[in-house]
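Please consider the following two-chain model together with its sequence.

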Amino acid sequence: MPKERKIIPAVFTLAVFIILEIASLRMVSSNGSLQRIWLARQAHFFQAKVWGGAQSVLQYFSLGKQNKALAEENHKLLLALGEKGAAKRDARADSLAGMLVRSDDFRYIPATIVKLSRNRQHNYLIIDKGSEDGVHLQDGIVTPSGIVGIVDAVEKHYSYAISFMNPEISISARLGTEGAVGPLSWDGKSRRGAVLKEIPLQFKFQPGDTVFTSGYSAIFPPDIPLGTTGEARIVNGATNEISVNLFQDFSTLKYAVVVENIGREEITSLEITAYGEEKQ
Amino acid sequence: MNRNFILVYILLLAAQMLLSDFVRVSPYVTLSILPVMVLCIPLRNSPVTAMLIAFATGLAVDFFSDGVLGLNALALVPVAALRNPVIRLVAGNEIIEKKDNLSVPKIGLAKFSTAILMVQAVFLAIYILADGAGTRSLAFNGIRFSISWIAGYLLSLLVVGFLAPDDR
């Protein structure tokens, strides 16, 4: 017998069976009170199962929609979190600026370091403040623990700076608050090592003495503590070269303050004028 | 269906009504010859016809006895639906294809007994479950099923000679 000719009688038999059973169940339900309650309970149980199953299927097919909604919510939360984080970072950077020994000749801009290289010979850093925030070329970047770098390129919202851990940078430093002044530069080896050069031999010092910024440069304000003196060696029989253990730990650096000398342009133009007159 | 079968069927139906109304051995015993009556409906009748007969038989018993209307019909229609598969399983496909009448000499007492026990089990399982309506314990239902199953089988063996005579 062909397959279709077998299926049709089977479906018809099944339909008759279902109709007869439903008729029997209805009769049982309407004639027996116990059976009515029992059947109602079974029907509810069955409905709950079917409904639960249908709900699961519907939920499965609406997962894409739910995922989209969750992604949108996630995005909103991330934005909110980002705003909060930015506010927190600004607050921390502000508090850092407040910890600095202030000088009226300088303007202070709190900043967050967004990128910092530490393992190269020529290290650099990028901060989240740019020209729109008032950052200019040759501004200094400091923390209460020392010098971080000098701004070398400025964009609208970010600035690129040469790190102190770079042989190109040399800053003017003083031994103690009233001692000799000499150039301080990175030793090129460790993250907290620097060398203070050209200290005349007649100036006495003890290992552990503090080294400060001198204030002689137009970039950094005076009296920022930089580190403590270590071993010294005489160079060419004329000057001392002193190793300095820096306070600033570049491994944990996250926030900094941009310092801008308000009178720098005036000083610079004065220097240029004086230098020109000297030449003439 | 030949006239003899119809007559015997109606007589046995009346006997079942009397059995349901007047013979109450124990709440643990449900005596019924209805499954074997449905099993012995001549095989030339289609499953649909067998189901309709079973439904009418069940209703008649329910109507004329003081049970819940529809209970016997509810349990007997599945017996009719499963009749052909049970016979096929027990006696093979040949008897169904030939549309022979079912009888003990044709398939043997053992196979016939197996078929009776199977349809009795289907009938009693549904009947006891629906009759108890969730108020009886599993133990009670189990005991009722076991006793009724054996009693029903023995009773069925008594009437099977009338329902399925050897027509060779």
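The model is predicted, so local features are given only where pLDDT is at least 70 and side-chain atom pairs only at pLDDT 80 or more, whereas totals for chains, interfaces and linings use all residues. Residues are numbered from 1 along each chain as its sequence is written, chains are lettered from A, and ligands are numbered from 1, in the order in which they are written.

The secondary structure of chain A comes to four helices and 12 strands; helices (H or I, at least four residues) and strands (E, at least two) are DSSP runs, numbered from the N terminus. Chain B, by contrast, has eight helices and zero strands, and its pattern along the sequence reads α-α-α-α-α-α-α-α. Of the 280 residues of chain A, 26% count as buried, and of the 168 residues of chain B, 38% do. A residue is buried if 20 or more other C-beta atoms lie within 10 Å of its own, exposed if 12 or fewer, and partly exposed in between, with C-beta atoms placed from the backbone. Among contacts with a separation of 6 or more, residues 24 or more positions apart account for 55% in chain A and for 74% in chain B. Two residues are in contact if their C-beta atoms, placed from the backbone, lie within 7 Å.

In chain A, six strands close into a barrel in the order S6-S7-S8-S11-S10-S9, with antiparallel pairing. The twist from one strand to the next averages 40°. Two strands pair if DSSP finds at least two bridges between them. Strands of a sheet pair through backbone hydrogen bonds, either parallel or antiparallel. Part of the barrel can be followed strand by strand. Strand S6 (residues 171-175) of chain A is joined to strand S7 (residues 181-186) of chain A by four bridges in the antiparallel sense, and Ile171(A) has Leu184(A) as its bridge partner in S7(A). S7(A) in turn runs antiparallel to strand S8 (residues 193-200) of chain A, with three bridges between them; here Ser185(A) is partnered by Val195(A) in S8(A). The hairpin of S7(A) and S8(A) has six residues between the strands, and Gly188(A) takes a positive phi near 80° there. Six bridges then link S8(A) to strand S11 (residues 239-246) of chain A, again in the antiparallel sense, and Leu196(A) stands opposite Ile242(A) in S11(A).

Is Ala161(A) buried or exposed? This residue, in strand S5 (residues 159-163) of chain A, is buried, because 28 other C-beta atoms lie within 10 Å. Ala161(A) and Leu125(A) are 36 residues apart in sequence, yet their C-alpha atoms are 5.3 Å apart in space. Not counting residues up to four places away in sequence, Ala161(A) touches several residues, including Tyr124(A), Ile141(A) and Val151(A).

Two packed helices are described by the angle between their axes and the distance between the axes. Axes are lines fitted to C-alpha atoms, for helices over the stretch in contact, and angles run from 0 to 180 degrees between N-to-C directions. Helix H4 (residues 71-91) of chain B and helix H7 (residues 109-132) of chain B cross at roughly 155°, and their axes come within 9 Å. H4(B) is therefore roughly antiparallel to H7(B); angles under 35 degrees count as roughly parallel, over 145 as roughly antiparallel, 65 to 115 as roughly perpendicular and the rest as oblique. The residues of this contact of H4(B) with H7(B) divide into 19 nonpolar, one polar and two charged. Ala, Val, Leu, Ile, Met, Phe, Trp, Tyr, Cys and Pro count as nonpolar, Asp, Glu, Lys and Arg as charged, and the others, Gly among them, as polar.

H7(B) also packs against helix H8 (residues 138-163) of chain B at an angle of about 135°, with the axes 9 Å apart, and the two helices are therefore oblique to each other. The contact of H7(B) with H8(B) comprises 11 nonpolar, six polar and one charged residue.

Finally, the contact between the chains takes 16 residues from chain B and 15 residues from chain A. On the side of chain B that touches chain A, helix H3 (47-64) and H4 of chain B are the elements that give two or more residues, and H4(B) gives the most, with five residues. The residues of that side divide into 13 nonpolar, three polar and no charged.
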